[in-house]
Amino acid sequence: MTALNSAIDEIQWNDIQLALVYGKLTQVHGLLMQAVGCTLGIGQRCYVETPTGTEIEAEVVGFNKQALQLMPLESVQGLQPGARIRPAVNSLQIPLGDGLLGRVLDGCARPIDGLGKLTNVSYHPARMHSPNPLLRQPIGKQLDVGVRVLNGLLPIGQGQRLGLFAGSGVGKSVLLGMMTRYTEAEIVVVGLIGERGREVREFIEHALGEAGRKQAVVIAAPADATPLMRLRAARLCHQIACGYRDEGKRVLLLMDSLTRYAQAQREIGLSVGEPPATRGYPPSVFSMLPSLVEMAGNGEHPQGSLTAFYTVLAEGDDQQDPIADSARAILDGHMVLSRSLAQQGHYPAVDLGASVSRVADQVVQPEQMAHINRLRHLLGRYREVQELIPLGGYQAGQDHELDRAVKGYPQISEYLQQSQQQAVSIDEAKQQLEQLMSHFGTHGN
């Protein structure tokens, strides 16, 4: 009896669930389900039973008096009034480890690549908070992405968050694939959020390739996934990337796209009754964007880094889109792809004048910054008369600086272009930039 009493004393009575209270489904309206009878908080999970005995996972996104508002992760076909709601008793777990490399997961961390269950991984509680801003490691080293225009003219630091602003059909996926293959990173995490299902396999097979896939984790939630699944996939790719970063690894995160993440939250916000604000986006969208982006970047580990690239879709090439405008304010730089350059066969179609890296002066030497500013100036002068040259409106000899810009534009354009099968290191890009600028002499001469 003494041993039994001792064992009883060691039991944590608060950890024992004496009863499980089920809820009841009372309404399904569009994307939203309503349930009563169980106590759950915002963000907690539950399971809705179907007549066939299967369960649909859902998440609490709001409540109205005593009724919970749920959003399903999957299709809600077959549900009936009064369906039983079972609260989830375990917290969401995130897999980490070498067993994730080369795998393709959905927003619930379930494999969808047909390679079986995950092995050689450990599970950790999910978290959605950013590091203490005073404990973050500063950005002080340039990241080699293998693209000449970025390595030479838009330097990217390890731990930077950069936006890739582009319309449709301007080479966004090709540029992402180049950065995925050529970037010096130990782990690459790719989030394909809300894109066409056809593009998922194409990106894995063509953009990543066999070599790139071995060091990459892909999380895919295509356009036909529910809004909640798209949101969860975006969070999952950040949580996995942050987990590797906190282990001391150099991580590259590519998320395509931040706009689809915002659109998914718009669908959820409008469903629960949020008032539409700018172009139909409810206020919650503009609070969730920074909370997601701030998870990326450097953490407290001195060796770990997390560099993130977010694609932002400019609808109709409108750079004043509210999501694009908000992303510019919270990211550490932006890179704009120009449709006019793409139509000219200029790839990558980076509009240097509209692009900026806010950490450039922290990761390159003053001499290179001088070359960057000089080339930007010359390119800007050329753009002033670009449309006049075919019409005969430009007359040489009146402005020596403008003459240099017009005469040297073919060499500048050649420097800005690059084949997708070619990789250009930081040293090569810097050396070629010095050679290019040596032909222009000093300013004013």
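Modeller: Ala 109 lies in the loop between strand 8 (104-105) and strand 9 (122-125); helices (H or I, at least four residues) and strands (E, at least two) are DSSP runs, numbered from the N terminus. The model is predicted, and local features are reported only at pLDDT of at least 70, side-chain atom pairs only at pLDDT 80 or more, while totals for chains, interfaces and linings use all residues. Numbering starts from 1 along each chain as its sequence is written, and side-chain values use heavy atoms, without hydrogens or water.

Although Ala 109 is not a glycine, its phi is positive, about 65°. Ala 109 is also buried, with a relative accessible area of 11% (buried: under 20%, 1.4 Å probe, protein chains only). Arg 279, likewise not glycine, has a positive phi near 50°, and is placed in the loop between helix 6 and helix 7 (283-293). Most residues other than glycine have a negative phi, and most peptide bonds are trans.

Two cis peptide bonds follow. The bond from Asp 256 to Ser 257 is cis, with omega near 15°; Ser 257 belongs to the loop between strand 13 (250-256) and helix 6 (258-271). Tyr 347 and Pro 348 are joined by a cis bond with omega about -5°, and Pro 348 is located in the loop between helix 9 (339-343) and strand 16 (356-357).

As for the domains, an automatic or database assignment divides the chain into domain 1 (19-87), domain 2 (93-363) and domain 3 (368-440). The C-alpha centres of domain 1 and domain 2 are 31 Å apart.

Conventions
Buried means under 20% relative accessible area, exposed over 50%, partly exposed in between (1.4 Å probe, protein chains only).
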